Amino acid sequence: MRIRDSLENYAFVLPAVTIFSVFYIIPFIWIFQLGLFDWDGISFTRVFVGLQNFKEIFLQDKNWWQAMWNAGYITLIALTLQNILAFMLAWACDREIKMKNFYRVIFFIPPVLSEVVVGMAWRFIINDIDGANIINRTLTQIGLPNLVHNWLSDPSTALSTVAVIHCWKGFGWGFLIFLAGLQTIPRELYEAARVDGASAWQSFKKITIPLMIPIMVLVGILTVLGTMQVFVLIISLVGGEFAGHTSVPVLRILASMRGSRFGYACAQGITFGMVLIIISFIQYRFSKKAQ
Amino acid sequence: MRILFKNALLGIFVCFSILGCSGQKNASKPIITVWHWMTDRDATFQELAKKYEAFSGIKVNFELYAPSEAYSQKIRAAAQGVNLPDVFGILGEKRDFASFIKANHILDLTSYMEANNNSWKNSFFPKALAVDEFTAANSYGINPGIFGVPIDVMTIQMVYNKKLFSRLGLDPGRPPKTLQEFLDIGAKIRTAGMQGLVSGWGEEWLIRCLANNYAFNIMGKDKVLATIKGEVPYTDPDWVTVFSIFKQMKDSGLLAQGLVTMINKSAEQLFANEKAVFAFNGSWCVNVYKGMNPALEYGAMLPPQASDKYPMAIWGGAGSSFMVNANSKNKEEAVKFLIWLTGQDQQAYLAQATNNLPANKNSLSKIPEILAQFARGMDYATHPNIWGVSEFPLVTEAFDRGIQSIIIGEKTPEQVAGEVQKVKERQIAKKKA
């Protein structure tokens with residue numbers, strides 16, 4: 001009977017395991033294997049180079065680490081600015097405010113837009129010669145002409161501008177997940193706290209935050225995974241790597257593929273994947289401790 | 001219920017039988033499949049396919065996969081899976097082309113080209129055909145031969161807006177010939193508060209293109225190729241002069257704001273909307289500008305010369321080429337179709353419908369004047385794909401990024417020359433190891 005139960009259980013998980021293996025684990029192993037070769041991606045012959053590609057990534061490829069740093073910077077802004085904004089808006093919409101359904105729809109529009117469309121639209125909003133220059137005009141009109149700037153073509157602001165636009169595009173996902181999480185918190189807890197004389201801030205600190213930690217971790221992990229892989233938005237905003245200032249790992253992988261270094265691109269992909277797994281694992285462990 | 005189920009099964013069986021029979025019937029007449037990325041030419045290709053079907057009874061399926069980046073990946077994936085179509089184009093550099101040939105994906109067309117006293121070969125502009133040819137001394141290890149068929153021709157030059165030229169007090173019939181004249185116009189542009197040169201320099205390769213033009217002009221072809229071979233360093237004073245030109249252009253006010261992050265589509269919009277005086281673009285722009293602003297008055301010109309020592313060279317040759325899949329069972333029919341497609345009438349039709357330069361030199365008679373100006377640039381045309389040697393990808397990347405850094409004032413020409421040379425030395429050492 002126990003064997004039959006076990007077999008039944010395995011039968012239920014088998015489709016998921018099969019799909020996960022075929023589409024994730026096997027390709028990952030295969031890409032790792034390709035990363036051990038010098039290969040142009042077209043010919044049938046590959047030259048085995050062992051861990052040489054990985055060695056080059058870790059010890060020589062400064063452009064790769066600059067790209068990782070840039071992606072990390074965008075991610076940091078997304079984790080803070082984007083997620084705090086998403087959380088605050090979700091918290092506001094969870095309360096009894098007017099037109100909250102309207103806000104929910106509005107906040108979810110940016111994430112469903114294509115990154116190319118968002119990039120083109122913001123390029124139009126920001127740029128002066130091929131756009132409407134709205135940001136700079138507004139700054140001038142509100143008496144801040146000293147802040148007028150070529151936001152996308154100045155190396156000191158290009159990456160931050162990309163990061164802020166990415167946050168604008170991405171906060172809707174966090175908003176939606178946070179809102180769903182907030183709605184699972186029993187209202188009785190807040191009522192009981194109010195009866196006990198707790199202020200709104202105390203309720204927020206002692207009820208909302210602790211119960212939302214698993215959701216925050218989930219949103220955090222999704223933000224890291226989504227933001228580290230940003231590249232379409234960058235291409236549509238600044239055309240590419242902009243002398244390395246807007247370079248990100250996926251653009252580096254694409255550059256290797258374009259340069260007929262397919263084996264190296266695979267090694268970069270694996271390295272990047274491992275970094276993301278490690279970051280997610282650390283976040284997960286951190287959340288366990290926090291709980 | 002059971003009878004209904006049986007009848008449904010019988011119906012499905014009959015349908016599949018009929019479809020199966022129709023498939024066998026079609027097998028006698030092959031269908032040629034062509035993959036391409038040329039959005040602007042797709043409608044014309046479809047028309048030509050209909051004409052070919054009427055002419056030969058053979059159906060040709062043109063399948064469009066855009067944008068070009070996605071197409072490029074699709075072709076590579078198809079090569080790895082050995083399921084390339086009968087005819088396809090390759091986007092990339094000569095080494096990519098060579099890799100496809102080495103993997104036996106591409107049919108050698110030399111014998112077809114040379115049949116009937118080279119009649120097919122002689123119908124093309126020699127520089128267009130050269131892009132698809134591997135000569136005896138090529139460094140890619142490919143047996144000499146012609147492996148592709150040019151469909152159209154392009155040159156990459158400068159264009160200038162005649163109206164804005166007049167507004168600047170310049171003669172629209174006399175574009176700048178020397179770098180100094182060009183830089184002087186930069187000062188006028190700055191004073192007038194206009195935008196100067198626009199181009200897709202955010203996408204990098206167009207920067208390399210202009211830099212190579214000036215390299216040919218300043219040091220000549222032999223020295224450029226010697227640099228690629230590793231015999232001349234990028235720190236050579238001539239190369240520093242090439243890098244310095246970009247600094248001079250920036251300092252003079254010639255370059256439009258945000259040029260280093262500009263995508264070519266934006267550059268084309270700016271020039272077409274008369275917001276920029278100059279553009280650096282390929283001959284395909286004639287069709288683009290016509291679509292955006294049919295009233296645009298502009299002329300084409302060679303990049304102004306920086307030196308009298310060597311002639312100015314521009315990139316040109318085959319704009320796009322088609323290759324025949326060596327493993328296709330329809331390869332003979334595919335070759336016949338390409339012979340027809342590159343015939344005088346079909347090429348003239350393609351050129352008129354899409355405002356691109358025809359690859360067949362006998363089809364040039366009825367093209368607009370602006371296109372003729374681009375065509376005259378073919379006399380100065382060269383292309384990395386006909387040099388027989390190619391630079392390491394990481395060196396070209398350092399080169400492009402370096403020039404971007406010069407334009408944004410982050411690095412000096414000397415610094416960039418030093419950095420490019422460092423990458424070059426590392427790549428040479430790696431290759432030797």
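In the predicted model, 13 residues of domain 1 of chain B are in contact with nine residues of domain 2 of chain B. The elements that supply two or more residues to the domain 1 side of this contact are H4 and helix H15 (369–376) of chain B. By class, that side of domain 1 of chain B holds three nonpolar, five polar and five charged residues. In the domain assignment of chain B, each domain is given as two segments: domain 1 is 26–152 + 318–371, and domain 2 is 155–316 + 389–432. The centres of the two domains of chain B, taken over C-alpha atoms, are separated by 30 Å.

Chain B also meets chain A. To this contact chain B gives 32 residues and chain A gives 24 residues. On the side of chain B that touches chain A, two or more residues come from each of helix H3 (68–80), helix H4 (94–102), helix H11 (264–272) and helix H16 (393–407) of chain B. Of these elements, H16(B) provides the largest share, with six residues. The residues on this side of chain B comprise 11 nonpolar, 11 polar and 10 charged.

The interior of the model was examined next. In soluble globular proteins, nonpolar side chains tend to be buried together. The largest nonpolar core of this model has 182 residues. Within this core, the residues with the most contacts are A:Val162 and A:Ile234 in chain A, together with B:Val159, B:Val198, B:Ala279 and B:Leu338 in chain B. At least three residues of the core are drawn from each of domain 1 and domain 2 of chain B. The surroundings of B:Ala279 illustrate the packing around one of these residues. When neighbours within four places in sequence are left aside, B:Ala279 is in contact with B:Met158, B:Val159, B:Leu197, B:Val198, B:Ser199, B:Ala267 and B:Phe271. Two of these partners, B:Val159 and B:Val198, are themselves listed among the core residues with the most contacts.

Chain A was also described as a whole. Chain A contains 13 helices and two strands, and its C-alpha atoms fill a box of roughly 75 × 75 × 30 Å along the principal axes. Of the 291 residues in chain A, 34% are buried. Among contacts in chain A between residues at least 6 apart in sequence, 71% link residues at least 24 apart.

Methods. Residues numbered from 1 in each chain as written. Chains lettered and ligands numbered in written order. Predicted model: local features only at pLDDT ≥ 70, side-chain atom pairs only at ≥ 80, totals over all residues. Contact = placed C-beta atoms within 7 Å. Helix = DSSP H or I, 4+ residues; strand = E, 2+ residues; numbered from the N terminus. Nonpolar A, V, L, I, M, F, W, Y, C, P; charged D, E, K, R; others polar. Domains from an automatic or database assignment. Core = buried A, V, L, I, M, F, W, Y, C linked by C-beta atoms within 7 Å. Buried ≥ 20, exposed ≤ 12 C-beta atoms within 10 Å, placed from the backbone.
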